[in-house]
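Please open the model in your viewer and keep the sequence panel beside it. The stops below can be selected one after another.

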Amino acid sequence: MSLAPNVLLPFLLVPTVVSLPSSFRWKSSGPLIGPKDDGRNIVGIKDPSIVEVNGKYHANSAIFHYLDQAPMGSGYRAAPQVSFKPHNLWYLAYQNGNNFFGDIPSIISQNIGNSNWVDIHLYHSQTPLSNFPNGMTNTVIALSDPNKNRFFEASTVYCAGKGRHLLIVALDGGRSSLADTKANPFARSNNVVFNNGNAWTKSISHGEMVRSQTDQTMSIGPCSLRYLYQGLDPLASRDCNSLPWRLSLLTKTNSAY
């Protein structure tokens, strides 16, 4: 996902009252992870998915392992999402058309229009944990918006405890929800303070919460939120596939209520 500075916002949907503030304040690190000079001529690192393993995180000093070195081979695999636990395996879901279905469910083919799998609808499907990643059924439209430029892609659902879930999705504009406008965003340049006053980016884009558990529940601690995001130099002017994205970390600084 490529974003013009200050245009698209993460969107926080709160189905019930949770221990979260009505507005957010963050502190940002500088760039933490960027491309390596390893002969691949990669210009940006983006669309992160993050999990802690044995008390450690993959960092900029670690060896990079590329998907085309794995048995899955080369190909377009955007917006990865890593989960762990079912069958004691790591699962990586990514944006490349049909991940979980033998055929496109009829409700999707009836509503997809010309937008392919990234469109104005957010779908929900389910399967027993014992069958995952197979057996996805009961596909329904969970959320939609008639304005295709206002609600699309980069959706992630987190467990906030006590049967409550939070949805973050890229959005431009408002819904009847929490922290979803440019004046009161979830994360944007106007509610983020940068380390040493170095506002290295204005684009706070597609990222992932740092989870409190390394399993498929996507659990987070509402009182101590951290968000790994992609940003880039405000002066960068290149084509979409050549933007110099870097990964940085937000830490929530205001209280939980």
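Contact, as the word is used on this tour, means heavy atoms within 4.5 Å. This is a predicted model, in which local features need pLDDT of at least 70 and side-chain atom pairs count only at pLDDT 80 or more, while totals for chains, interfaces and linings use all residues. Residues are numbered from 1 along each chain as its sequence is written, and side-chain values use heavy atoms, with hydrogens and water left out.

Begin by selecting Ser248, which lies in strand S12 (residues 246-252); helices (H or I, at least four residues) and strands (E, at least two) are DSSP runs, numbered from the N terminus. Ser248 counts as buried because its relative accessibility is 0%, where buried means under 20% relative accessible area, exposed over 50% and partly exposed in between, with a 1.4 Å probe and protein chains only. If neighbours within four places in sequence are left aside, the residues in contact with Ser248 include Ser28, Ser29, Gly30, Trp200 and Tyr227.

Now show the polar contacts of this side chain, a polar contact being a pair of N or O atoms within 3.5 Å; within protein, one must be able to donate a hydrogen and the other to accept it, and residues adjacent in sequence count only if both atoms are side-chain atoms.

Five strands form an open sheet with mixed pairing, in the order S9-S2-S12-S11-S10, and two strands pair if DSSP finds at least two bridges between them. S9 and strand S10 (205-209) each have a single partner strand and stand at the edges, so one side of each is left without a neighbour in the sheet.

Step next through the pairings. S11 and S12 pair in the antiparallel sense over six bridges, with Gln230 opposite Leu247 in S12. S10 and S11 also pair in the antiparallel sense, over three bridges, and here Glu208 stands opposite Leu228 in S11. S11 is mostly covered, with five of its six residues buried.

Which residues have the most contacts inside the largest nonpolar core? Select Phe24, Trp26, Phe186, Met209, Tyr227 and Leu250, which hold that place in a core of 22 residues. Strand S7 (156-161), strand S8 (164-171), strand S9 (192-194) and strand S11 (226-231) each supply at least two residues of this core. A second, separate core of nine residues includes Ile50, Val210, Leu228 and Leu247. A nonpolar core is a set of buried Ala, Val, Leu, Ile, Met, Phe, Trp, Tyr and Cys residues joined through side-chain atoms within 4.5 Å.

Two further stops remain. Arg188 sits in the loop between S8 and S9 and is buried, with a relative accessible area of 15%; a polar atom of its side chain lies 3.0 Å from the backbone oxygen of Lys182. Finally, select Ser255 in the segment after S12, which counts as partly exposed at 48% relative accessibility.
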